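Subject: Structure handover and notes

Hello,

Please find the structure below, with notes on what was found in it. Keep it open while you read.

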Amino acid sequence: MVFYFSGTGNTRWAAEQIAAATGEKLLFIPEELNTACEYTLSAGERIGFCFPIHGWQPPHIVREFIRRMTISGAASHYAYVLCTCGDSTGLAVTMLEKELAPKGISLQSRQSLVMPESYVCLPFMYTDKPEREREKIKQAQQDLDAFVKVVVNRQTDFSRLTLGLTPWTFSHIIGAYFNRYMITDKKFTTDSDVCIHCGRCAKECPVGDIVFEDIPRWKHDGRCTSCLSCYHHCPVHAINYGRITRQRGQYYFGHPEQTSCPN
C-alpha cells in the first residue's frame, strides 16, 4: 500500500510512479480518514508513506492518520517514506518515525525530493522561476527513478534526505511555531470582483475545506493544511492569503507555464 497526501501535486506525481512500479494500491490519506483506517496487507506487500514537508515537519493530517491507522502484522513488511520539499526536510522524517514506532513500523528506506516551491505566505518565500522549476523536476525525476529501484528491490538502510544546515532548529523551533500558529484557513480571502465563479478552488482542495457559494468560503473547522492548493489553482488569482500573496506567483504540478513536465 502507498499512503499519500498532496496539495499542489508534487507528491502525487511521485507517489503515482511508485505505485505503478510496485503494483501496489495508492491510497489518498484525506479519503482514508473517512474510513476505519484498518488495513490487512497481502504477503510481501510494502508499506509506503508519501507526503510534502510542511514547516519542516510532517503535515498534521499525515500524523493524524498514522495515529488512527491499524495495520495487521506491519512489523514484518518492508516500509519506506518519500517526502517532497521546496528546499529541505529538517527532521520531519525522524518525527514520522516516532509516530510509526507505536504501530510496529520501522522504515527501511527514506528519500526526499526537492521540488518547485509552493509556499508563499512568508516574506522570504516565493515560487521558483519557470526555468528553476524545470531544473528541480528534472533532477527529482532522476532521484525518483533511483528510489523506485530501491523500493522495488526492497533495499534496506537507504537514506537520502536533504536535511538542511540546522535541521533541529528548523523542525523543533521554527517548524513548531509554524505548525501551531500558521496552519489556518482564517486568512484566506476572495476578491469577489475578480472571481469568475468556476469553483475550481473547492474542487482542488484536498481536504474539502471549501464550500462554494458563488464565491469560496472556508469552513474554519481545523481541517485546513495550508497547502495553498486553492490559491495556486485559481485561474484569475482571485484568492489570497492575507496581503502577502497579492504580489506572489502561483504553482501546481503540471500548470501551463511548466512546459517540460515529465510524464
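A salt bridge here is a side-chain nitrogen of Lys or Arg within 4 Å of a carboxyl oxygen of Asp or Glu. Before the results, two notes on the source. This is a predicted model, in which local features need pLDDT of at least 70 and side-chain atom pairs count only at pLDDT 80 or more, while totals for chains, interfaces and linings use all residues. Residues are numbered from 1 along each chain as its sequence is written, and side-chain values use heavy atoms, with hydrogens and water left out.

Salt bridges

Side chains of opposite charge can pair when their charged atoms come close. The whole structure holds 11 salt bridges. One of them joins the side chains of Glu213 and Arg217, at 3.2 Å from N to O. How accessible are these two residues? Glu213 is partly exposed at 46% relative accessible area, and Arg217 is partly exposed at 44%. In these notes, buried means under 20% relative accessible area, exposed means over 50%, and partly exposed lies in between (1.4 Å probe, protein chains only).

Another salt bridge is made by Arg63 and Glu99, with 3.1 Å from N to O. Arg63 sits in helix α3 and Glu99 in helix α4, so this pair links distant parts of the chain, 36 residues apart. Helices (H or I, at least four residues) and strands (E, at least two) are DSSP runs, numbered from the N terminus. Both Arg63 and Glu99 are buried. Together with Arg67, they are linked in a network of salt bridges.

Helix α4 also holds Glu97, which is 13 residues from Arg110 in strand β7 (residues 109-114). Arg110 and Glu97 form a salt bridge whose closest N and O atoms are 3.2 Å apart. Arg110 is buried, with a relative accessible area of 16%, whereas Glu97 is partly exposed at 26%.

Helix α3 and what covers it

Which residues of α3 are buried? They are Ile61, Val62, Arg63, Phe65 and Ile66. Their cover includes β1 (2-4), α2 (29-32), β3 (38-40), β4 and α4 (92-100). Contact, in this sense, means heavy atoms within 4.5 Å.

The nonpolar core

A nonpolar core is a set of buried Ala, Val, Leu, Ile, Met, Phe, Trp, Tyr and Cys residues joined through side-chain atoms within 4.5 Å. Which members of the largest core touch the most others? Of its 79 residues, these are Phe3 and Met69. Helix α5 (residues 130-152) gives the largest share of this core, seven residues.

Leaving aside residues up to four places away in sequence, Phe3 touches Leu27, Ile29, Tyr39, Ile47, Gly48, Phe49, Cys50, Phe65 and Ile71. Ring pairs also link Phe3, Tyr39, Phe49 and Phe65 into a cluster.

Aromatic pairs

Rings of Phe, Tyr and Trp (its six-membered ring) pair if their centres lie within 6.5 Å; planes under 30 degrees apart count as stacked, over 60 as edge-to-face and the rest as tilted. By this rule there are 15 aromatic pairs. Why does the pair of Trp13 and Phe253 count as stacked? The ring centres are 5.2 Å apart and the planes stand at 25 degrees, so Trp13 and Phe253 are stacked. Trp13 lies in helix α1 (residues 10-22) and Phe253 in the segment after β12 (239-241), so the pair ties together parts that are 240 residues apart in sequence. Trp13 is buried at 7% relative accessibility, and Phe253 is buried at 14%.

A tilted pair is formed by Trp56 and Phe170, with 4.6 Å centre to centre and 50 degrees between the planes. Trp56 is in the loop between β4 (47-52) and α3 (60-68), and Phe170 is in helix α6, 114 residues apart. Trp56 is buried at 9% relative accessible area, but Phe170 is partly exposed at 27%.

The surface

Helix α6 (residues 167-181) also contains Trp168. Elsewhere, Ala43 is in the loop between β3 and β4 and counts as exposed, at 81% relative accessibility. The C-alpha atoms of Ala43 and His77 are separated by 8.4 Å, while the two residues are 34 apart along the chain.

Regards
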